[in-house]
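Hello,

Here is the structure for your files. My notes on helix packing and aromatic pairs follow below it.

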Amino acid sequence: MISTMPPLYPVATGFLITSLALRINGFDILVDAVGWLLVVFGLSHMEASIDPVFGKAKVAAIVTLVLSAAELVGLTVHVVIGLLYGLSRMATIWLVAEGIITRAQAFGDVSTASTFNALRWVLAIVSVVGWLIGYTGAPVPIIALIVVIIGLGAILWFTICLYRSARLPYLVSASRP
């Protein structure tokens with residue numbers, strides 16, 4: 001069943017799982033490591049059957065998977081590991097977008113390329129601002145709330161765009177322009 005779906009579907013589903021938190025008694029039922037495993041699976045397939053450009057994103061996703069396992073056992077409470085997890089997450093998003101942009105541009109799909117380029121920049125800026133607020137402890141609750149809302153909206157839009165782009169011919173097979 002999974003092998004018949006476009007390889008971008010597990011990537012999108014993985015990002016959806018890692019972006020949402022469904023907690024019962026403090027435990028997140030949507031374990032991020034499961035989401036990152038789906039991202040790695042989808043990117044491995046894309047690297048092998050569509051374009052090697054997705055290999056960098058796969059490596060970043062593997063690092064993020066390992067760090068999400070560290071989060072599962074509570075190690076990301078340490079500032080450095082938590083920051084590395086956030087950076088690897090952002091790198092994965094950036095490199096997935098880069099792979100899609102590269103393929104879209106090669107096939108003349110300016111709309112898809114510009115959408116993913118804009119989304120990766122919004123997510124990068126929101127992440128940096130969020131880290132600065134979070135790690136400096138700046139007392140700016142309204143700004144933090146705005147950053148969270150923009151960030152959540154951007155990651156959800158990124159995920160929706162992944163699902164919408166999953167059936168584009170150049171993201172399903174290794175065709176050349």
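**Aromatic pairs and helix packing**

Tyr170 has a relative accessibility of 6%, so Tyr170 counts as buried (under 20% relative accessible area; exposed is over 50%, partly exposed in between; 1.4 Å probe, protein chains only). This is a predicted model: local features need pLDDT of at least 70, side-chain atom pairs count only at pLDDT 80 or more, and totals for chains, interfaces and linings use all residues. Residues are numbered from 1 along each chain as its sequence is written, and side-chain values use heavy atoms, with hydrogens and water left out.

Aromatic rings next. Rings of Phe, Tyr and Trp (its six-membered ring) pair if their centres lie within 6.5 Å; planes under 30 degrees apart are stacked, over 60 edge-to-face, the rest tilted. The count by this rule is six aromatic pairs. Phe107 and Tyr170 are stacked, because their ring centres are 5.2 Å apart and their planes are at 15°. Phe107 sits in the loop between helix H4 (79-106) and H5, and Tyr170 in helix H7 (residues 169-172), so the pair ties together parts 63 residues apart in sequence. Helices here are DSSP runs (H or I, at least four residues), numbered from the N terminus. Phe107 is partly exposed at 30% relative accessibility.

The rings of Phe116 and Phe158 have centres 5.7 Å apart and planes at 80°, so this pair is edge-to-face. Phe116 is in helix H5 and Phe158 in helix H6, 42 residues apart. Phe116 is buried at 1% relative accessible area, and Phe158 is buried at 0%. One aromatic cluster is formed by Phe15, Trp36, Phe116 and Phe158.

Now the helix pairs. Axes are lines fitted to C-alpha atoms, for helices over the stretch in contact; angles run from 0 to 180 degrees between N-to-C directions. H5 (residues 110-136) and H6 (residues 141-165) pack at about 150°, axes 9 Å apart. H5 is therefore roughly antiparallel to H6 (over 145 degrees; under 35 is roughly parallel, 65 to 115 roughly perpendicular, the rest oblique). Their contact (heavy atoms within 4.5 Å) includes Phe116 in H5 and Phe158 in H6.

H1 (residues 8-19) and H2 (residues 32-49) have axes that come within 7 Å and cross at roughly 160°. H1 and H2 are therefore roughly antiparallel too. Residues meeting there include Phe15 in H1 and Trp36 in H2.

Best wishes

Note on methods
Helices (H or I, at least four residues) and strands (E, at least two) are DSSP runs, numbered from the N terminus.
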